[in-house]
Every structure is written in structure tokens, then in C-alpha cells.
Amino acid sequence: MGEAIPMNMMILIMAFAYVIVPILFFIELWRGKFVSRRSWLLYTVMVGLFTIYLFFIGHWDFFSYYLRIMVMVLFFIMALRSYFKVKHLPRRGPRKRWRYRLSLLLYTVLSAYFGLAVLAAWSGYFYDGKPVRLQFPLKDGVYYTGHGGNATVINYHNAYPPQAFALDIVRLNRFGTRAAGLAPDEWERFVIYGDVIYSPCTGKVTEAKDGLKQMVPFEMGEKTQEYRKKHAAGNHVIIRCQGVDILMAHMIPGSVAVKKGEPVEVGDPIGKVGNSGNTSEPHLHIHAERDGKGVPMTFEDRFLKRNSLMFSE
Ligand SMILES: [Zn+2]
């Protein structure tokens, strides 16, 4: 599989950002070798904002949701420990040393960058207008929102108006990850694969597509481009309810259980989570659309964002 390289590259970059960089930052805090309290403070603020940045923006279903919490807890322990090491230091450092001044400038610039990104993510927790109120369409598991929310930094769909507020959902295993392995090429190794999708509302089926083959996970090469473009949603169902079209995409061929024109009740099975269409790995894509524009959705009255968990029975 020639196309596995970019994915492996992406996972390496993510491992570096989520694991290696925090460890390096925390070791520096632990050692507490700072010239002044001011330099310690600026460094700690920068590492803190980086940790919050990872907490909101990181894709923690790859390495484990538990790690998301652990990194945050570790930051507080390290920051507290280093405080006791530096509290006797002078407030200011050697102002004439250019390396000292440069380090302060660097901490400030990075703090501003991570701070602004956190604000952008936070802005995605809110929305205007009335949402369409739905029932969560999956059962018996802990489901994780990979993309979701009202800002592009936490939801890439928001770059496309019809898909604004769309969600990509996966399911977590007991280790807090979405698959057995980081980038397996078998559908069955993804926890959510084959899960039954239940109608999130009572309405009428306005579109039901079945029979399209599934993609090999992470195979994004040129050979697949035409299929991806033509059949972006793969095997999918659209249900009209509350005046809004709800689209659920990427189902297993042969699993679509409803037909166009059919009425459906909330909770009726409609298909199974698969990997057909323009998708890199098995997941449920769901969005609501009215007149070509995305509509915010709530499930059990919750507006889901990246890293939201849904404990479904
Ligand atoms: Zn999607």
C-alpha cells in the first residue's frame, strides 16, 4: 500500500506534538533551571497554553482519550513543583543579555499563538439560531467526536457552508482509542465498524443509496479520486424531519435498511457504519442541512464538539 506513507507521517507528527513535545516541556519545568521568576512565569504560561491547546484541538482518539487528561494533570504537577524551585529567584533576569531577552520574546510569541488558537476553538462551542433536536443515532458504547463544533480549528467541515456543524463520530475501546493499532488497513479493527445506525428523528426518507464498495482505510491515492469525488457520501441515507435534511454517510454496502419515500420513526435501524465514499477510516458522518446551509444539531440536548464523549446505552 503505497499510500500508507502520508498517514504514517501524519501519525509521527501527531506523536511528536502530543507526546514528545509535552514531555520535553515538562522535563524543563521539572528541572526548574530558570534565570528569573519572570522567565519561569512566561515559560509556564506558554507550556500551559500549549497544553490547553492540545486539550481542545488534539485528536485524542488516536493515542488515547486518557492521555488527554493525563497531559493536563502532569502540567499542573510540574508547574507546581517548579514554582517551589524558582520562588527564591530574583524577579528579573540579566536584561542586557540578548539570549535571555530573546527567550522571553519567544515565550511571549508562542503564548500568543496558542492562546489565539484556544480562543478560536472556544468560539466553536457556541452557535446562533435554533438547533434541530435529535436523538443520538448509535447505541451501546462510548462515542467520540473527531470533528464537531462551530469553528474550523475543531471541525474541518465548517469550511463548507452546507456541511457546517457536521460531525464525524468514532467509538472508543477500553484503552480510549478508536482502533486496534494507529492506522490499520482492515475495517474490522475500527471499534465503530458495523455498528447499527438508528434514525435520530421521526420523518421521511428522501434519499437512500446502497451498493457502493468500501475504501481501504487511508488509501487516498489517485486511483480512488474519481470514486471519492462522485460518491463523497458513499452509501447514505437522508431523512427529512423538522423541516431539515439529516444526512448520514459512509455505510457498509448492503446494510441500508430503508427506502426512498418511506416514513421512519426515531430509533428505527437505517444502516451500519462503514467506510464507503470519501472517507479515510470507518466513522459516522452526520449533518443537518436546510436550503443548502448547515444547521446546528443537538443530541440529548448536547451540542457536540471535538473531543466530546457520548456514553450511549
Ligand atoms: Zn465528515
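Visitor: Is Met78 buried or exposed, and how is that read?

Guide: Burial is read from a neighbour count: a residue is buried if 20 or more other C-beta atoms lie within 10 Å of its own, exposed if 12 or fewer, and partly exposed in between, with C-beta atoms placed from the backbone. Met78 has 22 C-beta neighbours inside 10 Å, so Met78 counts as buried. This is a predicted model, in which local features need pLDDT of at least 70 and side-chain atom pairs count only at pLDDT 80 or more, while totals for chains, interfaces and linings use all residues. Residues are numbered from 1 along each chain as its sequence is written.

Visitor: Where is the place of Met78, and which residues is Met78 in contact with?

Guide: Helices (H or I, at least four residues) and strands (E, at least two) are DSSP runs, numbered from the N terminus. Met78 belongs to helix α3. Two residues are in contact if their C-beta atoms, placed from the backbone, lie within 7 Å. Setting aside neighbours within four places in sequence, Met78 is in contact with Phe26, Leu29 and Trp30. The C-alpha atoms of Met78 and Ile27 are separated by 8.2 Å, although the two residues are 51 apart along the chain.

Visitor: At what angle do the axes of α2 and α3 cross?

Guide: Two packed helices are described by the angle between their axes and the distance between the axes. Axes are lines fitted to C-alpha atoms, for helices over the stretch in contact, and angles run from 0 to 180 degrees between N-to-C directions. For α2 and α3 the crossing angle is roughly 175°, and the axes come within 10 Å. Angles under 35 degrees count as roughly parallel, over 145 as roughly antiparallel, 65 to 115 as roughly perpendicular and the rest as oblique. The pair α2 and α3 is therefore roughly antiparallel.

Visitor: Which residues of α2 and α3 meet?

Guide: From α2 come Arg37, Trp40, Thr44, Val47, Gly48, Thr51, Leu54 and Phe55, and these meet Arg68, Val71, Met72, Phe75, Ala79, Ser82 and Val86 in α3. For classes, Ala, Val, Leu, Ile, Met, Phe, Trp, Tyr, Cys and Pro count as nonpolar, Asp, Glu, Lys and Arg as charged, and the others, Gly among them, as polar. By class, the contact of α2 with α3 has 9 nonpolar, 4 polar and 2 charged residues.

Visitor: What should the residues of α2 span?

Guide: The expected span of a helix is 1.5 Å times one less than its number of residues. With 21 residues, α2 should span 30 Å, and its end C-alpha atoms are 30 Å apart, which agrees. The 26 residues of α4 reach 37 Å from first C-alpha to last, close to the 38 Å expected.

Visitor: Which residues of α2 and α4 are buried?

Guide: In α2 the buried residues are Trp40, Leu42, Tyr43, Thr44, Met46, Val47, Phe50, Thr51, Leu54 and Phe56. In α4 they are Tyr107, Phe114 and Ala121. The cover over the buried residues of α4 includes α2.

Visitor: Which residues have a positive phi without being glycine?

Guide: Ser64 is one of them, with a phi of about 130°. Ser64 sits in the loop between α2 and α3, and counts as partly exposed with 17 C-beta neighbours inside 10 Å. Asp140 is another, with phi near 60°. Asp140 lies in the loop between β1 (132-134) and β2 (141-147), and is exposed, with 10 other C-beta atoms within 10 Å.

Visitor: What does the domain assignment of the protein chain give?

Guide: Domain bounds come from an automatic or database domain assignment. Here the assignment gives domain 1 (4-123) and domain 2 (132-312). Their centres, taken over C-alpha atoms, are 34 Å apart. In the contact between them, 19 residues of domain 1 touch 15 residues of domain 2. On the domain 1 side, α1 (4-31), α2 (37-57), α3 (65-86) and α4 (98-123) each supply at least two residues. By class, that side has 13 nonpolar, 4 polar and 2 charged residues.

Visitor: In which strand is Cys241 found, and which residues does Cys241 touch?

Guide: Cys241 is in strand β6 (residues 235-241). Not counting residues up to four places away in sequence, Cys241 touches Cys201, Thr202, Gly203 and Ile246. Cys241 is partly exposed, with 19 other C-beta atoms within 10 Å.

Visitor: How many helices and strands has the protein chain?

Guide: The chain has 5 helices and 13 strands. Of its 313 residues, 38% count as buried.
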